[in-house]
Amino acid sequence: MSDTLDAALRLLRAQATLVRRFDARLGGLHGVSLADFTLLLRLGQAPGGRMRRVDLAEALGLTASGVTRALAPLERIGLVTREPDARDARVAYASLTGTGRERLTEMLATAEETADELFAAPAWDERDVPLFAGLLSRLGGTGPRP
């Protein structure tokens, strides 16, 4: 097996481990998955806490129908609402509700704690994490910041 394939497969296994860890923590404490949290975080970082659904889909790497499916349960539990555009009926926004903003703050604390545990010493030192983040960026691993 080539070193490049080995590295790619290790990255995939590591990603699956991260998703399981975040899903367990976020699901157990807040009733959401990592995918839900990522969507809410993206909305929370958008101006006014809202984005056009098509822009949200692009930012998350989803299709328009995928973002609609992802938003539906979040709408049902009152974290997100659908807002029509006053000028163009074809455009719809996804917007955080007040409850969504509050819950996102709580979820963010849980996610930060989980990430701190994952990248804790002695396995990781303070220089490793920024270096690792930079290396992931080479593969298109951009962060959630707009």
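This report describes the fold of a predicted model, the packing of its helices and several individual residues.

## Basis of the model

The structure is predicted, and local features need pLDDT of at least 70, side-chain atom pairs count only at pLDDT 80 or more, and totals for chains, interfaces and linings use all residues. Residues are numbered from 1 along each chain as its sequence is written, and side-chain values use heavy atoms, with hydrogens and water left out.

## Overall architecture

The protein chain contains 6 helices and 3 strands, where helices (H or I, at least four residues) and strands (E, at least two) are DSSP runs numbered from the N terminus. Along the sequence these elements follow the pattern α-α-β-α-α-β-β-α-α. Taken along the principal axes, the C-alpha atoms fill a box of roughly 55 × 30 × 25 Å.

Of the 146 residues, 27% count as buried; buried means under 20% relative accessible area, exposed over 50%, and partly exposed in between, with a 1.4 Å probe and protein chains only. Among contacts (heavy atoms within 4.5 Å) with a separation of 6 or more, 53% join residues 24 or more positions apart.

Helix 3 spans residues 53-60, and its buried residues are Arg53, Leu56 and Ala57. These residues lie on the same side of helix 3 because they cover an arc of only 100° around the axis, the arc being that of the directions from the helix axis to the C-beta atoms. An α-helix has 3.6 residues a turn, so residues three or four places apart point the same way.

The cover over the buried residues of helix 3 includes helix 2 (34-45), strand 1 (50-52), helix 4 (64-76), strand 2 (80-84) and strand 3 (92-96). Asp55 is also located in helix 3, but counts as partly exposed because its relative accessibility is 31%. Just after helix 3, Gly61 adopts a positive phi of about 75°.

Two packed helices are described by the angle between their axes and the distance between the axes. Here axes are lines fitted to C-alpha atoms, for helices over the stretch in contact, and angles run from 0 to 180 degrees between N-to-C directions. Angles under 35 degrees count as roughly parallel, over 145 as roughly antiparallel, 65 to 115 as roughly perpendicular and the rest as oblique. Residue classes are assigned as follows: Ala, Val, Leu, Ile, Met, Phe, Trp, Tyr, Cys and Pro are nonpolar, Asp, Glu, Lys and Arg are charged, and the others, Gly among them, are polar.

The axes of helix 2 and helix 3 come within 11 Å and cross at roughly 120°, which makes helix 2 oblique to helix 3. Thr38, Leu39, Arg42 and Leu43 of helix 2 form this contact with Leu56, Ala59 and Leu60 of helix 3. By class, the contact comprises 5 nonpolar, 1 polar and 1 charged residues.

Between helix 3 and helix 4, the axes come within 9 Å and cross at roughly 105°, so helix 3 is roughly perpendicular to helix 4. Helix 3 contributes Arg53, Leu56, Ala57 and Leu60, and helix 4 contributes Ala64, Val67, Thr68, Leu71 and Glu75. This contact of helix 3 with helix 4 divides into 6 nonpolar, 1 polar and 2 charged residues.

Helix 2 and helix 4 pack at an angle of about 95°, with their axes 11 Å apart, and are therefore roughly perpendicular to each other. Asp36, Leu39 and Leu40 in helix 2 meet Val67, Ala70, Leu71 and Leu74 in helix 4. The residues in this contact are 6 nonpolar, no polar and 1 charged.

## Individual positions in strand and loops

Val80 lies in strand 2 and counts as buried because its relative accessibility is 3%. Leaving aside neighbours within four places in sequence, Val80 is in contact with Leu40, Leu43, Leu71, Leu74, Glu75, Ala94, Ser95, Leu96 and Thr97.

Ala46, in the loop between helix 2 and strand 1, is buried, with a relative accessible area of 11%. In the loop between helix 5 (98-118) and helix 6 (128-138) is Pro122; the peptide bond from Ala121 to Pro122 is cis, with omega near 5°.
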